[in-house]
Amino acid sequence: MFLTPHVPHEYYPVTSEWQVCWVSFNGSVIDDIMLSLQFINSGKIVLTNPESLYRMLQELMDRLEENHTSSTMQCSELLYSVILKLRQDSVYIESKSRLQQITQLNPVLRYIEEYYHQPLTLEVLAQQLNVTEQYTCLLFQQSLGIRPFEYVTRVRIQKAKKLLLKNNQISVQDIARQVGYEHPSYFIKRFKEQENVTPTIFRKMYFS
């Protein structure tokens with residue numbers, strides 16, 4: 001959560017175990033800094049790399065406990081780093097319905113459906129939406145409950161199943177390449193994760 005000064009708020013756990021880490025800061029130039037980083041309104045945010053930020057906060061607390069003159073400057077330096085890291089690795093959660101989120105995802109879903117057989121990167125997927133890679137991940141998580149490449153894998157495995165059943169003469173290696181996997185062994189691994197059987201057994205179950 002990012003909370004601006006003097007904003008009434010409350011929060012509570014949604015799980016039986018939870019941990020709160022917090023830091024507050026002020027200073028003569030803090031308003032200009034937060035404005036330049038577009039931290040303007042209070043709100044809930046998602047961290048794309050929370051472990052890194054937690055390590056920085058722990059280092060900041062360790063320095064505070066040292067309680068000597070040099071620690072003050074080090075703490076100031078670390079706090080600036082925390083703020084910048086927060087900007088880099090955070091995404092505000094917007095109040096959108098699931099339908100609105102899926103609608104926003106449609107361009108990238110269509111792209112995956114058409115180009116699943118080609119190498120895909122998160123950068124390429126984000127370009128289809130004209131948003132950042134972090135926000136692309138957030139949209140997938142919020143609307144579909146999975147990461148972008150989990151969705152890509154599901155599409156590829158579904159295409160592979162159709163090919164396996166369409167012609168039992170096509171080798172597993174050829175099917176792997178046709179659905180975007182350069183290495184058949186990796187394709188077999190992902191197929192088994194999705195279907196609980198290997199492509200060969202899946203085919204035998206159908207044709208037996």
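1. A residue is called buried here when its relative accessible area is under 20%, and exposed when that area is over 50%, with partly exposed lying in between. Please keep in mind throughout that this is a predicted model.

2. Phe191, with a relative accessible area of 0%, is therefore buried, and Phe187 is likewise buried, with a relative accessible area of 0%. These two residues sit in helix H9 (residues 184-195), where a spacing of 4 residues separates them by about one helical turn.

3. The count of aromatic pairs comes to 7. In one of these, the ring centres of Tyr111 and Tyr115 are 4.6 Å apart and the planes meet at 40°, so this pair is classed as tilted. Both tyrosines belong to helix H4 (residues 98-115), and they are 4 residues apart, which is about one turn of the helix. Tyr111 is buried, at a relative accessible area of 18%, whereas Tyr115, at 26%, is partly exposed.

4. Phe187 and Phe191 also form an aromatic pair, with 5.9 Å from centre to centre and 65° between the planes, and this pair is edge-to-face. Since planes over 60 degrees apart count as edge-to-face, the label follows from the angle.

5. Which residues are linked by ring pairs into a cluster? The cluster consists of Tyr181, Tyr186, Phe187, Phe191 and Phe202. One of its members, Tyr181, has Arg156 lying over the face of its ring, at 5.2 Å from the ring centre.

Key: Residues are numbered from 1 along each chain as its sequence is written. This is a predicted model: local features need pLDDT of at least 70, side-chain atom pairs count only at pLDDT 80 or more; totals for chains, interfaces and linings use all residues. Side-chain values use heavy atoms; hydrogens and water are left out. Rings of Phe, Tyr and Trp (its six-membered ring) pair if their centres lie within 6.5 Å; planes under 30 degrees apart count as stacked, over 60 as edge-to-face and the rest as tilted. Buried means under 20% relative accessible area, exposed over 50%, partly exposed in between (1.4 Å probe, protein chains only). A charge sits over a ring if NZ of Lys or CZ of Arg is within 6 Å of the ring centre and within 35 degrees of the ring normal.
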